[in-house]
Amino acid sequence: MKLLFICSQNRLRSPTAEALFSGHTTHVASSAGTDRDAVTPVSADLIEWADIVFPMEGAHLRRLNWRFPVQMRQKRAIVLNIRDDYDFMDPDLIELLRSRLRTHIEM
C-alpha cells in the first residue's frame, strides 16, 4: 500500500512518518508539505500516487481539498491530529505515529 504523509514544511512530522516505513515489506511511504516552501511540496501527482493520504492536522486536509479537489475526492484521507510539537525522529512522535496509524494500517 502506498502511504502519503502530509504536514506543513515536510521537515519534521511527515518525514518521520515516512522513515517509519523505510524497508517495510507491504507499505511504501512518501511525504510532502502543504507550504509552498516545503522541502517537498505536495503535488497532484503525489496525491494520485497514494492509496491513503495522512494529513497531520485538519488544516492540512482543508488545504489539500482546496488545492487538489479532483484528486482528493477519490482518496481515502485520515487526519492523524498530531500537532507541530516534535523534532524529527523524536521518540514521542514515533510512538504517537505508531499508535495513531495502528488502527488504520498494518505496522
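# A chat about salt bridges, strands and cores

Visitor: Hi! How many salt bridges does the structure hold?

Guide: The structure holds four salt bridges. A salt bridge here is a side-chain nitrogen of Lys or Arg within 4 Å of a carboxyl oxygen of Asp or Glu.

Visitor: What should I know before reading on?

Guide: This is a predicted model, where local features need pLDDT of at least 70, side-chain atom pairs count only at pLDDT 80 or more, and totals for chains, interfaces and linings use all residues. Residues are numbered from 1 along each chain as its sequence is written, and side-chain values use heavy atoms, with hydrogens and water left out.

Visitor: Back to the salt bridges, then. Which residue forms one with E57?

Guide: R13 does, and the closest N and O atoms of the pair are 2.6 Å apart. E57 lies in the loop between strand 3 and helix 3 while R13 is in helix 1, so the pair ties together parts that are 44 residues apart in sequence. Helices (H or I, at least four residues) and strands (E, at least two) are DSSP runs, numbered from the N terminus.

Visitor: Is R13 buried or exposed?

Guide: R13 counts as buried, at 2% relative accessibility. Buried means under 20% relative accessible area, exposed over 50%, and partly exposed in between (1.4 Å probe, protein chains only). E57 is partly exposed, with a relative accessible area of 25%.

Visitor: Which residues are linked with R13 in a network?

Guide: E57 and D84 are, in a network of salt bridges with R13.

Visitor: What about D35, which residue is its salt-bridge partner?

Guide: D35 pairs with R63, and their closest N and O atoms are 3.9 Å apart. That links distant parts of the chain, with D35 in the loop between strand 2 and helix 2 (44-49) and R63 in helix 3, 28 residues apart. D35 is partly exposed at 23% relative accessibility, and R63 is partly exposed at 33%.

Visitor: And which residue does D85 meet in a salt bridge?

Guide: D85 meets R83, at 3.8 Å from N to O. D85 counts as exposed, at 54% relative accessibility, and R83 is exposed too, with a relative accessible area of 59%.

Visitor: Let's switch to helix 1. How many of its residues are buried?

Guide: Six of the eight residues in helix 1 (residues 13-20) are buried, so the helix is mostly covered. The buried ones are R13, S14, P15, T16, A17 and L20.

Visitor: What covers them?

Guide: The cover includes strand 1 (2-7), strand 2 (28-33), helix 3 (58-67) and helix 5 (91-102).

Visitor: Now strand 1. Why is it called largely enclosed?

Guide: Five of the six residues of strand 1 are buried, so the rest of the structure largely encloses it.

Visitor: Which strands does strand 1 pair with?

Guide: Strand 1 pairs with strand 2 in the parallel sense over six bridges. It also pairs in the parallel sense with strand 3 (residues 52-55), over four bridges. Two strands pair if DSSP finds at least two bridges between them. L3 stands opposite A29 in strand 2, and the bridge partner of L3 in strand 3 is I52.

Visitor: Last topic: the largest nonpolar core. Which residues touch the most other members?

Guide: F5, F54 and L97 do, out of the 19 residues in that core. A nonpolar core is a set of buried Ala, Val, Leu, Ile, Met, Phe, Trp, Tyr and Cys residues joined through side-chain atoms within 4.5 Å.

Visitor: Which element gives the most to this core?

Guide: Helix 5 gives the most, with five residues.

Visitor: And what does F54 touch?

Guide: Not counting residues up to four places away in sequence, F54 touches L3, L4, F5, I6, I78, L80, L101, H104 and I105. There is also a second, separate core of 11 residues, which includes L4, I6, L46 and L64.

Note on methods:
Contact means heavy atoms within 4.5 Å.
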